[in-house]
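Subject: Structure for your review

Dear colleague,

Please find the structure below, together with its sequence. My findings follow it, and I would be grateful if you would read them alongside the coordinates.

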Amino acid sequence: MAMKPRITVVTLGVDDLERAVRFYRDGLGFPTDGIVGAEYAHGAVAFFNLEGGLKLALFPRASIAHDAGIPADVTDVSGRTELTIGHNVGSASEVDDVMALVLQAGATIVKPAQETFWGGYADYFQCPDRHLWEVVWNPHWASPG
């Protein structure tokens with residue numbers, strides 16, 4: 001038996017669940033039913049339905065540590081380079097449009113949009129919990145739907 005090669009949920013540890021929900025729901029327009037599971041100790045989480053059946057989950061860092069049975073300080077990685085999230089778009093101008101949206105929503109621009117060495121156009125931003133996102137136009141890939 002082998003593990004099937006797929007990812008169904010990407011979970012981000014957050015410092016402030018309500019702030020994170022506002023950023024992704026109100027700022028970026030990602031659909032969600034909001035915070036669920038708050039009636040359970042270490043259970044509050046928010047799920048966002050993304051295209052292609054993928055889900056994004058936001059879970060407080062302390063709850064991740066509790067759930068995984070690891071010390072809470074292990075989840076605090078300096079620099080936040082343990083994960084990046086890629087968001088591909090259909091054109092260079094869409095990169096700029098997305099960057100304007102995330103900036104207005106409260107993101108921090110880490111690397112302004114620019115031509116890449118491989119012929120694309122990309123930038124990096126961090127959400128309020130410092131997760132690193134890359135917004136990319138890749139002329140070598142089919143345009144996303």
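Which residue of β7 does Q114 stand opposite? The residue is A122. Please note that the model is a predicted one.

Together β6 and β7 make a hairpin, with five residues lying between the two strands. Within that turn, G119 has a positive phi of about 100°.

Both strands are part of an open sheet of four strands, ordered β5-β8-β7-β6, in which the pairing is mixed. At its edges lie β5 (84–89) and β6 (108–115), each of which pairs on one side only. From one strand to the next, the twist averages 15°. In general, the strands of a sheet pair through backbone hydrogen bonds, in either a parallel or an antiparallel sense. Here the parallel sense is found between β5 and β8 (residues 132–137), which are joined by six bridges. One point of reference is I85, whose bridge partner in β8 is W133. Helix α3 (residues 92–105) packs on this sheet, where it touches β5, β6, β7 (121–126) and β8. The direction of α3 makes about 15° with that of β7.

Turning to the protein as a whole, there are three helices and eight strands. Along the sequence these elements follow the pattern β-α-β-β-β-α-β-α-β-β-β. The protein has 145 residues, of which 34% are buried. Where contacts join residues at least 6 apart in sequence, 50% of them link residues at least 24 apart. The accessible surface of the protein amounts to about 8,900 Å², and carbon and sulfur atoms account for 55% of that area.

One surface feature may interest you. V9, V36 and F47 make a nonpolar surface patch of about 220 Å². Of these residues, V36 is located in strand β2 (residues 32–36). Is V36 buried, partly exposed or exposed? V36 counts as partly exposed because its relative accessibility is 36%, which lies between the limits of 20% for buried and 50% for exposed.

With kind regards

Notes:
Residues are numbered from 1 along each chain as its sequence is written. This is a predicted model: local features need pLDDT of at least 70, side-chain atom pairs count only at pLDDT 80 or more; totals for chains, interfaces and linings use all residues. Side-chain values use heavy atoms; hydrogens and water are left out. Patches are made of residues with over 30% relative accessible area and no salt bridge: like charges are joined within 9 Å, nonpolar side chains (Val, Leu, Ile, Met, Phe, Trp, Tyr) within 5 Å. Accessible areas come from the Shrake-Rupley method with a 1.4 Å probe; for residues, only the protein chains shown count as cover. A salt bridge is a side-chain nitrogen of Lys or Arg within 4 Å of a carboxyl oxygen of Asp or Glu. Buried means under 20% relative accessible area, exposed over 50%, partly exposed in between (1.4 Å probe, protein chains only). Contact means heavy atoms within 4.5 Å. Two strands pair if DSSP finds at least two bridges between them. Axes are lines fitted to C-alpha atoms, for helices over the stretch in contact, and angles run from 0 to 180 degrees between N-to-C directions.
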